[in-house]
Amino acid sequence: MTITIDFFTDKERSDPSLLFNRETEIKEGLNYLLNEGFLLIEGLRRTGKSSLALSLAKITSVKTLAERYGVSSFYYPIIISLEGINSTEELVNTIINSIISNYSWALLNNSTITDEVKKLINSVKELLSSY
């Protein structure tokens, strides 16, 4: 069996083992995410932001990876691209739609998160209503 890895690809990588020289960013991202509950990744185009976000999401939601990285809680990550968003209303709708679509998937696995999702949506609305 042969596995070919395309090192020069324009696609995001969701496997943390394929992120090269990003160990510090993974550790810092996990630390901040687990302590603060959210993480904003910003930077220039094509610098690996999406790959880092997808890798962190995978680490926090896949049991074997979570154990490898010392993550003791299970998360339902939500990744939101801000590309093309031009207003607060578009931002709120994008965030809420992302939460709802992620919630739908999570609901299939855990029916006890309904109240947490409602709180999260209300928190987002409240936070963004002041802008």
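The model is predicted. Its secondary structure consists of five helices and zero strands, and from the N terminus on the elements run α-α-α-α-α.

**Chain as a whole**
- The chain has 131 residues, of which 24% are buried.
- Its accessible surface is about 9900 Å², and carbon and sulfur atoms contribute 52% of that area.
- Among contacts with a separation of 6 or more, 50% are between residues 24 or more positions apart.

**Helix H2**
- Helix H2 covers residues 49-61.
- The 13 residues of H2 should span 18 Å at 1.5 Å a residue, and this agrees with the 18 Å between its end C-alpha atoms.
- Ser51, Leu52, Ala53, Ser55, Leu56, Ala57, Ile59, Thr60 and Ser61 are the buried residues of H2.
- The cover over these buried residues includes H1 and helix H3 (63-68).
- An α-helix has 3.6 residues a turn, so residues three or four places apart point the same way.

**Surface patch and Leu39**
- A nonpolar patch on the surface is formed by Tyr32, Phe38 and Leu39. Together these residues have about 280 Å² of accessible area.
- Leu39 lies in the loop between helix H1 (23-36) and helix H2 (49-61).
- The relative accessible area of Leu39 is 30%. Leu39 therefore counts as partly exposed, because buried means under 20% and exposed means over 50%.

Technical notes:
Residues numbered from 1 in each chain as written. Predicted model: local features only at pLDDT ≥ 70, side-chain atom pairs only at ≥ 80, totals over all residues. Heavy atoms only, no water. Patch = residues over 30% accessible without salt bridge, like charges linked within 9 Å, V, L, I, M, F, W, Y side chains within 5 Å. Areas by Shrake-Rupley, 256 points an atom, 1.4 Å probe, with all protein chains shown as cover. Salt bridge = Lys/Arg side-chain N within 4 Å of Asp/Glu carboxyl O. Helix = DSSP H or I, 4+ residues; strand = E, 2+ residues; numbered from the N terminus. Buried < 20%, exposed > 50% of the residue type's maximum accessible area, 1.4 Å probe, protein only. Contact = heavy atoms within 4.5 Å. Expected span 1.5 Å × (residues − 1).
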